[in-house]
Amino acid sequence: MNDRTDEPANFEQKWRERWAAEQLYRTPEGREQPKYYGLEFFPYPSGEGLSVGHLHNYVPCDAFARYKRLRGYNVLHPMGWDAFGLPAENEAILKGRHPHETVVRYAAEYKRQLVLVGCDYDWQREIITCAPEYYTWTQWVFLLLYKRGLAYRATGSQWWCEKCKTILANEQVENGACWRHADTPVARKELEQWYLRITAYADDLLRDLDLLDWPAGIKLMQRNWIGRSEGLRVPFPLVDGDGLDALEVFTTRPDTLYGVTFIVMPPEHPQLAQLVRAEQQAAVDEVVRAALRRSAIERMGTLTQPLGSFTGSYVRHPLTDEQLPVWVGDYVLATYATGVVMGVPAHDQRDWDFAQAYALPIRQVIVATPATPPATLLREPLTVPGYLVGSGPFSGQESASACAAISAAANEQGWGTPTTTYRMRDWLISRQRYWGPPIPMIYCDDCGIVPVPEQDLPVVLPRMTEYVPAGDGRSPLANNPDFVNTLCPRCAGPARRETDTLDGFLDSSWYFLRYPNPHEHEYPWLSEQADHWLPVDLYVGGAEHAVMHLLYVRFCTKVFYDAGLVKFREPFPKLRSQGSILHPDGKRMSKSRGNVITPDEVVAQYGADATRLFILSLGPLELDYRWSSEGINGMMRFLRRIWQWVQRWRAMPPNTLATTPGPRERSQCIQQMEHDIERLDFHTALAALITWHSYLQKLPIAQVARQTVEDLLILLAPMAPFLTEELWHQLGHSDSVHCQRWPAWNEADLRSERCVIVVQVNGRRRGLLELSTLATQDTVVEQALALPKIVAALAGKQPTRIVYVAGRLLNLVTDAAAEALND
Ligand code: ANZ
Ligand code: ZN
Ligand code: ZN
């Protein structure tokens, strides 16, 4: 008896092959059923392969797509490869291979691992961004942006990483270092580059955040990243400007205008040299040199002493006509707003620190309560709003109304302009690297910049053996004369191609539109398909993409919408992020630490179903968890119990009399599972199923109807697809368990036992709730909070304490009341 048929190794591989051969997960063509489009961030296939950590993204999404299929949805659940870009190229360089080779190999390996754990992707729709069939349309997207005035070329001082040997977008600079090379401080380099005008969509991107069902943290990061500020621009006329007439500042606190005692410009300011007087030159040069060595964090933070020096120039205050000194200071950002700050040390922390460091005058113009005189000696800046003093005609007003009044006066009298500024910059899209779609632009001496005509796409990335960047600021494509030299599409004269390539984030900014028609030759996507499948119903991926990918893809979608190419403004109305899976020792898994656990080793030992169940049993998706072999062992025991129970049932003589036992337990289980799975709470859905099975297991097997066994298998199928398929066939079926219908629960089964719960707010009776006796505390609270009378009684407050006497009484206590009770 060494032939254990319940060993997963004996049946899992069989089903992998059969499902693939039968194309079980092929996306249906029909339009009668409701659609479900589920998507996970497509990975960049790296040589390390998948770790079990990646499964925390893919397995719950897979189980959910399977569940949706059983619920009668037409499911589109595709997978592809984000294969262009720096990480893929760097890895190929490291391995001494060509990226063309490595990405294809790595992608095949990822696919094998995803199939291994039972993922149900429709592989007919697999896409890879480095294939000409795909990047034709990435180049087309760039041309679309160009035609709409959203792509432009400009020279600027850019962040350069010495290790990546390329320009980085602002988003790719973290703490003054490269996002991929934390040990490599970025440097400034002057280059002519292509930009995408994402700032034109700043307000739309901000406003539509309200439409999104996304994790609050990610929305907040986007909001901060966009960084909208309303304020006033004020030019301060120069006393002796040597050709320059004024320095314009931006302030969000016009109410502090009378408190300005100096003006500060950053070391990078283009007009700085013009303003420095001979006596100050040496000191200013020293500050500029020292500042450029500091990281952005050091410069902007309040922890380090600001560096500064007087320039020797003065401006005039537009209202008081007073002369104010112009300083250079490294806490001012050259790229934010106007790049010049009015120093109000009495009311701004950084200005205060600067004034303290360089003994500059401090003038208080805001007081906390009306009509109090300013302090004789201010000990710290008063940064909160208050009432104006020493502010001419505006004295006595409260900060908010003074801001409005001063802005209006500035506008009327012409000495200032109310404006909105954004922290976000335009998206720097050119890379001086080989591994990306060539930017489809041509330079002609006679015609200037000429876009490649659409019918000439793709501009094929030539195969080059020398693709490693030299670090001279030029793309390796510049060394390929066959690529560079071309004819001008307009005048047919000799011309040169753009040799920079597109940032990898453009590839991922439209890929979700490709899956509905991955093999389309004439268009990037077909509206008939896009209108049907999009937007994506559920998008799941790591929170590390909060600002880059997730902002760019929203921007591109809005451009497509404005161009009439899609009917929706947001690609992903619902987003979830999964937490990490840590090694049992609590550390992150990484190849350098040598602690990566692979799906291969785990599946070989426990089987794919037990691996899946363990991941699904962990808890809320967004949290981090440790890997644990005890946990998987527990899941393996559960699967074995199911197996043995079904075998016992099969061994019974056919019994047509058995009726469905415990209808209430059954309905309760199904109802609970639906509720939980819709929230991706597979851990509690699984618990409900285990509870039902424990109940059934205690019954004499002769009392169990075939229907009950089959229901149980279907309910388990999304989570444990292999075992359920095997048992389903053992029950005599020839079709797949994954093509069945999710069993229905019965209202009547649950209704039988109801109870009436008294709902109190702060101990006073405010309403009644009739519910099933089985309702959990969460459900009771949820429903109580929806009662109009309770909403009224709470008056917008959140209960801070909840007292629940099961089936009888619920008391919601708010903070204020709790405090009153304590008094
Ligand atoms: C005077 C003032 C007085 C300010 C006060 C604040 C408080 P947010 O809200 O982030 O937009 N600022 C303007 N441009 C800057 C630059 N290029 N680099 C560094 N700081 C700059 O910040 C706007 C405020 O940041 C502006 O308002 C300005 O300081 C400063 F009691 O002006 B304020
Ligand atoms: Zn780098
Ligand atoms: Zn020409």
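I began with Cys 447, which is partly exposed at a relative accessible area of 27%. The model is a predicted one.

**Zinc ion (ligand 3)**

I looked up what holds the zinc ion (ligand 3). Its donors are the SG atoms of Cys 444, Cys 447, Cys 488 and Cys 491, at 2.2 to 2.4 Å. I then checked the geometry. The angles subtended by the four donor atoms run from 106 to 112°, so the arrangement is tetrahedral. I read the donor spacing in sequence as C-x2-C-x40-C-x2-C. Cys 447 sits in the loop between strand 21 (441-444) and strand 22 (448-451), and Cys 488 in the loop between strand 23 (485-487) and strand 24 (494-497), so this pair ties together parts 41 residues apart in sequence. Cys 488 is buried, at 3% relative accessibility.

**Other cysteines**

How many disulfides does a search of the whole structure find? I got zero.

**Helix 19**

I compared the length of helix 19 (residues 629-651) with expectation. Its 23 residues should span 33 Å at 1.5 Å a residue, and the end C-alpha atoms are 33 Å apart, which agrees. At the N-terminal end I found a cap: a side-chain oxygen of Ser 628 lies 3.4 Å from the backbone nitrogen of Glu 630.

Next I listed the buried residues of helix 19. Among them are Ile 632, Met 635, Met 636, Leu 639, Ile 642, Trp 643 and Val 646. Residues three or four places apart on an α-helix point the same way, because there are 3.6 residues a turn. Which helices do the buried residues of helix 19 pack against? I found helix 17 (599-606), helix 18 (608-616), helix 21 (682-698), helix 22 (706-716) and helix 23 (721-730).

**Cis peptide bonds**

I noted a cis bond from Leu 457 to Pro 458, with omega near 0°. Pro 458 is in the loop between strand 22 and helix 13 (481-484). The bond from Leu 534 to Pro 535 is cis too, again with omega near 0°. Pro 535 lies in the loop between helix 15 (527-533) and strand 26 (538-540).

**Positive phi**

I looked at Asp 321, a non-glycine residue with phi near 70°. Asp 321 lies in the loop between strand 13 (308-316) and strand 14 (323-329). It is partly exposed, at 49% relative accessibility. Ala 359 also has a positive phi, about 55°, without being a glycine. I placed Ala 359 in the loop between helix 11 (349-358) and strand 16 (366-367). At 70% relative accessibility, Ala 359 is exposed.

Methods
Residues are numbered from 1 along each chain as its sequence is written. Chains are lettered from A and ligands numbered from 1 in the order in which they are written. This is a predicted model: local features need pLDDT of at least 70, side-chain atom pairs count only at pLDDT 80 or more; totals for chains, interfaces and linings use all residues. Side-chain values use heavy atoms; hydrogens and water are left out. Donors are N, O and S atoms within 2.8 Å of the metal (3.2 Å for Na, K and Ca); water is not among the atoms, so sites may look incomplete. Four donors count as tetrahedral if all angles lie between 85 and 135 degrees; four count as square planar and six as octahedral if opposite donors are over 155 degrees apart and all others between 65 and 115; anything else is irregular. Helices (H or I, at least four residues) and strands (E, at least two) are DSSP runs, numbered from the N terminus. Buried means under 20% relative accessible area, exposed over 50%, partly exposed in between (1.4 Å probe, protein chains only). The expected span of a helix is 1.5 Å times one less than its number of residues. Contact means heavy atoms within 4.5 Å. A polar contact is a pair of N or O atoms within 3.5 Å; within protein, one must be able to donate a hydrogen and the other to accept it, and residues adjacent in sequence count only if both atoms are side-chain atoms. A disulfide is a pair of cysteine sulfur atoms within 2.5 Å.
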